[in-house]
Amino acid sequence: MAQIFSPRATTIAVIVLVALVSVPVVLIAYIYQVHSSPYATHVGIPVAQPIPFSHAHHVGDVGLDCRYCHTGVETSAFAGLPPTSTCMTCHSQLWTNAAMLAPVRESLAKGKPIRWNRVHDLPDYVYFDHSVHIANGVGCSSCHGDVSKMPLTRKVKPLTMGWCLSCHENPAPHLRPQAEIFNPHWKPGPDHEKEGRMLMAHYGIDKDHLTDCSVCHR
Amino acid sequence: MKAAVLAGLAALALAGCDVSMTDQPRLDTYGSSDIWPDGAAARRPPAGTVSQSDPAWEKAMKRPPAVTTALIERGHERYDIYCAPCHGASGHGDGMVVRRGFPSPPSYHSARLRAAPAQHFFDVITNGYGVMYSYASRVPPRDRWAIVAYIRALQLSQHASLADVPDAREQLP
């Protein structure tokens, strides 16, 4: 009777066994990498807009406060985007003939809001609230970066669940005093470890429940 | 057997579908919708709508709150956000936007505006004035009074004498 297994069979069997275990592991690790890569999370890619609105000009050069335009940010879940009339408080007199601003004038004339393209967009099953972060010492630039240097707005953080949790597990290093919330250039000082602990107490943050699933998935 | 294979294939096909909840069929706060002519999901209340909170607003409009340090500090913060870009941090009408070519507003320290009643400042914020737009949608009535109180403080500051600040002399170099 001829042999059923050739001499190579042992090697093949070993390779198959190893591959059965390692291929899924490598594949999962690879998919995870791709999912959290800047390519998939769109981090750092400026988003084209109907009007090339520049935070670098309006915040960096002119020095406007975020709340001049994102009025709802302190009191509601949404920061909100400015209505056309807010642009017109200045552009009714400034750059009135600029072609770049034609869509703003058209929007005002027709009563049709400008369609800005979203830069940040969480999945619909995630609950997020701006006001609670603003009231508890988390500044805009902790999540949006220094917009005063952005000619076109882009994402600087991945907005993945891991990213949210990395702060919810230990918010202290990210907290700042109330007066610095809207400062796009804020950096933690050298003594920030101690300050962070004091700020945790000042805002009364209890981090025990902050990683519960129901905080963000309601 | 055949049925089992079919069921297996169907399950595989379903798993391939995008049943994700990422984009749920609902209208988001600042979302768009094609069913309205202006393309926005949010609707504006029809002209003449009176909201339930309006009576409280109107009361706040008529009666200025008591002037406290907290109110002036609130006014300071709101003034810096909404007014300083044009009127300047100290109210001389030389803010950043004016330096970029916006028509220059009158200084708060002119004799006419020093003599103007508080109600005048409140009304300018509510209704706008000349080329200045209304700030009513962004500055609620209580904040308007706070800003007026702060403008009064600014006006005082530009006409203060050393006698108004008793301990100032020791602090001067």
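Start by selecting B:Ile147: beyond its neighbours within four places in sequence, B:Ile147 is in contact (heavy atoms within 4.5 Å) with B:Gly75, B:Arg78, B:Tyr79, B:Cys83, B:Ile125 and B:Val139. Before moving on, note that this is a predicted model, where local features need pLDDT of at least 70, side-chain atom pairs count only at pLDDT 80 or more, and totals for chains, interfaces and linings use all residues. Residues are numbered from 1 along each chain as its sequence is written, chains are lettered from A in the order in which they are written, and side-chain values use heavy atoms, with hydrogens and water left out.

Now widen the selection to the largest nonpolar core. A nonpolar core is a set of buried Ala, Val, Leu, Ile, Met, Phe, Trp, Tyr and Cys residues joined through side-chain atoms within 4.5 Å; buried means under 20% relative accessible area, exposed over 50% and partly exposed in between, with a 1.4 Å probe and protein chains only. This core has 29 residues, and A:Tyr68, B:Tyr79, B:Tyr82, B:Val97, B:Phe121 and B:Ile147 touch the most other members. Its largest share, six residues, comes from helix 8 of chain B (helices are DSSP runs of H or I, at least four residues, numbered from the N terminus).

A second, separate core of nine residues includes A:Ala172, A:Leu199, A:Met200 and A:Tyr203. Pick A:Met200, in helix 10 (residues 192-203) of chain A: A:Met200 counts as buried because its relative accessibility is 13%.

Next, look for charged pairs. A salt bridge here is a side-chain nitrogen of Lys or Arg within 4 Å of a carboxyl oxygen of Asp or Glu, and the structure holds 13 of them over all chains. Select A:Glu74 and A:Arg67, whose closest N and O atoms are 3.1 Å apart. A:Arg67 is buried at 5% relative accessible area, whereas A:Glu74 is partly exposed at 27%.

For another link, show A:Arg115 and B:Asp34, which meet in a salt bridge at 3.7 Å, N to O. This pair crosses between chains, from a loop of chain A to a loop of chain B. B:Asp34 counts as exposed because its relative accessibility is 71%.

Finish at helix 1 (residues 9-36) of chain A, where A:Leu17 sits. Is A:Leu17 buried or exposed? At 57% relative accessibility, A:Leu17 is exposed.

Note on methods
Helices (H or I, at least four residues) and strands (E, at least two) are DSSP runs, numbered from the N terminus.
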